[in-house]
Amino acid sequence: MKKGNVLSAVIGISILSLTGCGRGSGTEPTKEIVSISYMDLAEDNLAAEETWPDDAVSSESQNDTEEESELENGTVFDAEEELVPVDGTGSEAVSAMVTVPQLPGTGKGIDDFVPEGWALLDSVALDFNEDGIADHVGVLETGDEGSPRILFAIASDGTDQYHLDLQNSNLIRAGNEGGVYGDPYMPLTAEGTSFTTNAYGGSSWRWSEEYTYTYRDGGWWLTSSEDTYGYIFGCTTSYCKNDWESGVGIRKKRSSEFGDMEGEGDTEEYDVIYEMALDEPLTLEQAGWRYGFASDRVTDWETADITFGKGITLSRDQVMLPDEAYVNYCDEECMLYTFSDEDEVYHYLAMYRWRDRVLSVLVKEDAPIDYLTYYKGKIYYTTETKETVTYRMAPSGEEQDTQKEETVGMKLGRIEPDGTQKETIFEYRYPKAGQEVMEDQIPYLTLTYEISGDEIVLEVYIGEEPHPFYRMNIDGSGIEKIGEMPGAA
C-alpha cells in the first residue's frame, strides 16, 4: 500500500468526528439535490485534480475536514465583536484580521441584518416559530475567501418587524476550507421548522457534510447529520448518519485500497456496518464549538495560569501555548492538544479551559499521543507501545540480524481532567511482534475510536493486513469484535 493510501484510509476514519462522525442530513429532496451536485462537481473538477500526486492529496485531506466543533460567539469573545484570522485555518501566520460584527437586533426584512462590508450569500424561508409568517435563515460573507461566514436566523414578531434569533460564525466553512476542490459551500435547504447546511470538498478524496438543525422549545437543536468520505470515482469508503429523533447512528465502512475502488462505483456493499446509540442531541451552540474549525476562529488565547499533572516537570518556556498548537479536540468547555519536547523524546497532553483560561499539562508519554476526546468528565487518548525488534534482514537487504525500535501495539487510555486516575482501557499488540526474530517489517499501526451512548467502537488499522473493529463499554469492559476490514489483495 502506498503511503498516500495509508493516510487516506486513516483520514477517512478520523474526519467524521463531530458527533461521532458528523452531523447533517436533510429531507429526501435535499439529499437528491445535493448528491446530484456532488457528482456534477466531481466530474467538472476531475481534470484539474489529475496534477495532484496521491501523497499530497491524502495529507491535505486532513486539513480539508475536520473533523471535525461549534459554539456561538460566546464565552471566549467580546460580546460586541469577534476577531477571526482571515486565513481561517489556524495553521498559517495570520496576515490580517476581520471583525465579525454583532448583527442588528431588529429589522424590517433580511437586508436590514446585513452589516456594511458584508453580503448575503444565501438564505431560505421557513416558518420556524410557526406563527404563519415566513422567517429566514441566511449566510453572510465578506467576499474574502479566508473570512468567516455568519450563519443567522431572523424570526417575525407578528408585525412588520423581525428580530435576530441566532448568530454563529463557526458552523459554515470559509471559502478556503474546502481543500484543493475550492469553496466547499453548498446551498442551504429547509423544510418545516428545520434547515440544513451543506458542504462538499477535498481533492481526489472527497467528503460531504449535511447537518440539520430544528427549532424546538424556543431553541435550535442538531437533529440529524450525514457525512461521507471516499474516492472521487464515486466510491464512498466511509458513511455516517446520525438521527437524534430515533437515537441511532449508522456507520458503514469499506476498504480504501485503490484496487478495490477504481471502476467499482458506489454500491451498497460495505465491509463493516454497525450502529451506535447516540447521546442527547446538541444545541446549535454546542454543535458550533464541536465543529472542526471552531478553534480556528479564536484569537483571544489568554492563559491565566499553567498547572501540571503528577510527575510532569516542565518550565513554562517548555510548554506549547494553545494559540501555537494543532487542536485535536474542541467543545464548549475546553480544547485538547498535544506537544513534545525538542528531541521528541516525551509527548504531552494539554487541556485549555475557556472559562477560567487555565492550561493544564496532564499526561506525559514516551510515544506520540493522538485522537483526544473529552467525554462525560474523562479525557480519552491513544498512544503507541514501542519496543526494540530484531529483524532477520538489514535495511540493505543483507541477511543479518538488525535491531530497530518499532511500534508494536496501540493503547487507548483515559484520565480525569486533573490528570489523576490514569489507566489503559484497551490495548492491541501486533501478534507477530512476539517473535524472537522478525522476518518481515511490522506494518503501520494506528488506533481510532468513537465514543457515544456509553460505548466505544475502535478500529485497529494494520497496514495492508485485515484490521478489526471492536465494541466495548467506556471502562474497557465487555469487549467484542464486531467486524473486520479486508486487507490488500
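Buried here means under 20% relative accessible area, exposed means over 50%, and partly exposed is whatever falls in between, using a 1.4 Å probe and protein chains only. This is a predicted model, so local features need pLDDT of at least 70 and side-chain atom pairs count only at pLDDT 80 or more, while totals for chains, interfaces and linings use all residues. Residues are numbered from 1 along each chain as its sequence is written, and side-chain values use heavy atoms, with hydrogens and water left out.

**View 1. Trp205 and Tyr231, a buried aromatic pair.** Both Trp205 and Tyr231 are buried. A search of the whole structure turns up 19 aromatic pairs, and Trp205 with Tyr231 is a tilted one, at 5.4 Å centre to centre with 50 degrees between the planes. For rings of Phe, Tyr and Trp (its six-membered ring), a pair needs centres within 6.5 Å; planes under 30 degrees apart are stacked, over 60 edge-to-face, and the rest tilted. The partners sit 26 residues apart and link distant parts of the chain, with Trp205 in strand E10 (residues 205–216) and Tyr231 in strand E11 (residues 219–231). Those labels come from DSSP runs numbered from the N terminus: helices (H or I) have at least four residues and strands (E) at least two.

**View 2. An aromatic cluster, plus two arginines over rings.** Phe128, Phe195, Tyr213, Tyr215 and Trp220 make up one aromatic cluster. Look also for Arg173, which lies over the face of Trp207 at 4.0 Å from the ring centre. The charged end of Arg254 is placed over the ring of Tyr270, 4.6 Å from its centre. To count, NZ of Lys or CZ of Arg has to be within 6 Å of the ring centre and within 35 degrees of the ring normal.

**View 3. Thr214 and Thr283.** Thr214 is found in strand E10, whereas Thr283 belongs to the loop between strand E14 (272–277) and helix H5 (284–290). Their C-alpha atoms are separated by 9.5 Å, although the two are 69 residues apart along the chain. Thr214 is buried at 8% relative accessible area; Thr283, at 22%, counts as partly exposed. The Thr214 side chain makes polar contacts with the side chains of Ser194 (2.6 Å) and Thr223 (2.8 Å). A polar contact is a pair of N or O atoms within 3.5 Å; within protein, one must be able to donate a hydrogen and the other to accept it, and residues adjacent in sequence count only if both atoms are side-chain atoms. Leaving aside neighbours within four places in sequence, Thr283 is in contact (heavy atoms within 4.5 Å) with Trp220 and Trp221. With that same exclusion, the contacts of Thr214 include Trp220 and Trp221.

**View 4. Strand E19 and its partners.** Seven of the eight residues in strand E19 (residues 358–365) are buried. Strand E15 (residues 305–308) runs parallel to E19, joined by four bridges, and Thr307 stands opposite Ser360. Strand E18 (residues 347–353) pairs with E19 in the antiparallel sense over six bridges, with Tyr348 opposite Lys364. Strands pair if DSSP finds at least two bridges between them. The hairpin of E18 and E19 has four residues between the strands, and Arg357 there takes a positive phi near 60 degrees.

**View 5. Cysteines without a disulfide.** The structure holds zero disulfides (a disulfide being a pair of cysteine sulfur atoms within 2.5 Å). For Cys330, the nearest cysteine sulfur is that of Cys334, 7.7 Å away. Cys330 is buried, with a relative accessible area of 5%. Cys235 is buried too, at 1%.
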